[in-house]
Amino acid sequence: MKAMHFHCLSLLPFLFCFYTSCTPKELPVNDSIRLNQLGFYPSEEKIAVVVDEEAAYKKFSIRNEETNNVVFQGVLSSPRSSSFSPEKTAVLSFSEVKTPGRYRIEIPSIGKSEPFVVKERLLQDIALAGLKVFYYQRTAMPIEEQYAGKWNRPAGHPDDRVMIHPSAVSPGRPAGTIISSPKGWYDAGDYNKYIVNSGFTVGVLLSLFEDYPDYAIQMNTNIPESANSTPDLLDEIHWNLAWMLTMQDPADGGVYHKLTTPGFEGFIKPVDCKKQRYVVAKSVTASLDFAASMAQAARIFTVVEADYPGFSDKMLKASRNAFEWAMRTPDALYKQNEMNERFEPAVTTGTYGDRSADDEFFWAATELYVTTGEERYLAIAEQYAPAQFTLPVWSNVSSMGCMTLIRYGKTLDEKGKMLAGKMKTQLMDYADNASRNAELSPYAAPYGRDTKDFFWGCNSDAASNQGIVFLYAWLLTNDKKYLTNAIRNMDYILGRNATGYCYITGYGYKSPMHPHHRLSASDDIEEPIPGLLTGGPNPGKQDGCNYPSDVPDECYIDDEASYASNEIAINWQGLFTCFSAALDAALTE
Ligand code: 9MR
């Protein structure tokens, strides 16, 4: 049934009276009314979902909280359901409400929603909070009160005495050699540092800078470097790049896979962590993700030479050397179990393992080609070019190269232009498929319609990154449907979903309080560090926690122990930060 909408201006006076003064104000708040808990942009689509079979076809009103007037009335949709959930939803739409203000949804006999706002720059704060998380994740420096408020803490993990693990020896560095490898971000809920994930995250954040430079430049996160002339986004990325450079063996250009304690640390403060840390095995995927992100950073950091003299040249050299190592050692995939059979101590922390390095070869060759213009890199990129578009995730980075080629397509030589053209077609095919009929799904979003959408880290590795891809499709075509579908995924992440959570700590009226995050768990502060995106529903339940449901889109638990649904991680954080900033930029410029 088609929803019927009436503007209040056209209502008869008695109806106006009925809806302003006679609607019972004591309607209870009903948490089955799900919406983006931050609110809506004035000119964009506004949709909420009610998870209640009874809601279909019912009338609803939108009431302005300040004036107490009903400003819009409509009818809920027919019932909707998915193949994997017993729940039935009904959708309500009120995009006609465009005046900034504070509102609630009211549905007689069901209840009212929590209040929400309509305003410009809706996502500005959350994008900044998303980026600020990287400051909180910094190792080896004190996190000071003037930047971090109550989440200040002393420095942890100086990493100035890191040991070469027996798996990582080279002629100049026998096992047990001590090297210094400070700085960088903690990877996630744990305290280790992993090159594969670092390279990917740096690439995502750099892409934000390349795609939306004007927006990125004005992002002020109040960090120690805020006073210099470099945008905070690049200062933040620099902190991690500086660490990554120390992970390259100067003797041969190969890059260690990770810097880690043998097993995960307990849930203790960074300053209390005393276990020996090691650099472990060089790998082809780490070396290529390093080469890719360094080459990308090298072309960007030329603009901040004043604050970081010589850094750009240094990164390009390091990138070339890592790439050559990978070309010589293409089969050096990281295999933790095999490594543990041969060397001690055994290492049981995150693996970031991979079955193929083809996508990493493609990304690294692409970045080196775009930065240097050298045909040799283009030839290698062509050799490893993907057959179809896949969303950017740490384990498949081909779309990182794809998006770089699209970004620079116009400036490339003929062969480069051709490859960029192919990549554009692949991306558009993906975006068209993913957005088809999204508005008809139970939560009226492209993401969340398929049981495959729910897995470890899906809030980022399926919802946020798909949103980023829609924004590319919108930039390429100027077709509003892609922009709207990006907004729909953001609405999903921020509350219009099956659990009713806004998955960002400190935002919305129902957000995670107990993320699997050692920093938040050990700081003696009740609220978690703000701005963290948690992993999301994961029917894999690999952590063995007592989840409230078996339904794929409800397999989420706000429990500190739930690393499979409630952890945070820099790659997820990078994608969400990029998505929210890019969306705010797209809706503001
Ligand atoms: O993000 C990773 C996810 O794709 C994998 O399925 C999962 C299991 O291997 O590991 C995730 O990465 C974790 C890493 O190995 C260690 N630090 C925490 C990361 C987030 O859970």
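A polar contact is a pair of N or O atoms within 3.5 Å. I set this down before opening the structure, which is a predicted model.

Entry 1: I then turned to D190, where a polar side-chain atom lies 3.0 Å from a nitrogen atom of the ligand. For Y352, I noted 3.4 Å between an N or O atom of the side chain and an oxygen atom of the ligand. I also recorded the accessible area: the ligand taken alone exposes 460 Å², and the protein buries 79% of that.

**Entry 2: the shell.** Which residues are around the ligand? I listed D187, A188, D190, Y194, G350, T351, Y352, W394, W456, E567 and W572.

**Entry 3: the pocket.** I checked where the ligand sits among the pockets of the protein. The space that the ligand takes is the largest pocket.

**Entry 4: the domains.** I consulted the domain assignment of the protein chain, which gives domain 1 as 26-118 and domain 2 as 447-589. How far apart do the C-alpha centres of domain 1 and domain 2 lie? I noted 21 Å between these centres. I then looked up the contact of the two domains and found 20 residues of domain 1 in contact with 30 residues of domain 2.

How values were computed:
Residues are numbered from 1 along each chain as its sequence is written. This is a predicted model: local features need pLDDT of at least 70, side-chain atom pairs count only at pLDDT 80 or more; totals for chains, interfaces and linings use all residues. Side-chain values use heavy atoms; hydrogens and water are left out. A residue is near a molecule or strand if one of its heavy atoms lies within 4 Å of it. A polar contact is a pair of N or O atoms within 3.5 Å; within protein, one must be able to donate a hydrogen and the other to accept it, and residues adjacent in sequence count only if both atoms are side-chain atoms. Accessible areas come from the Shrake-Rupley method with a 1.4 Å probe; for residues, only the protein chains shown count as cover. On a 1 Å grid over the protein atoms alone, a cavity is a set of points where a 1.4 Å probe fits but cannot get out, and a pocket is an open set with protein on both sides within 12 Å along at least five of seven lines; lining residues have an atom within 4 Å of a point. A molecule sits in a cavity or pocket if more than half of its atoms lie within 2 Å of its grid points. Domain bounds come from an automatic or database domain assignment. Contact means heavy atoms within 4.5 Å.
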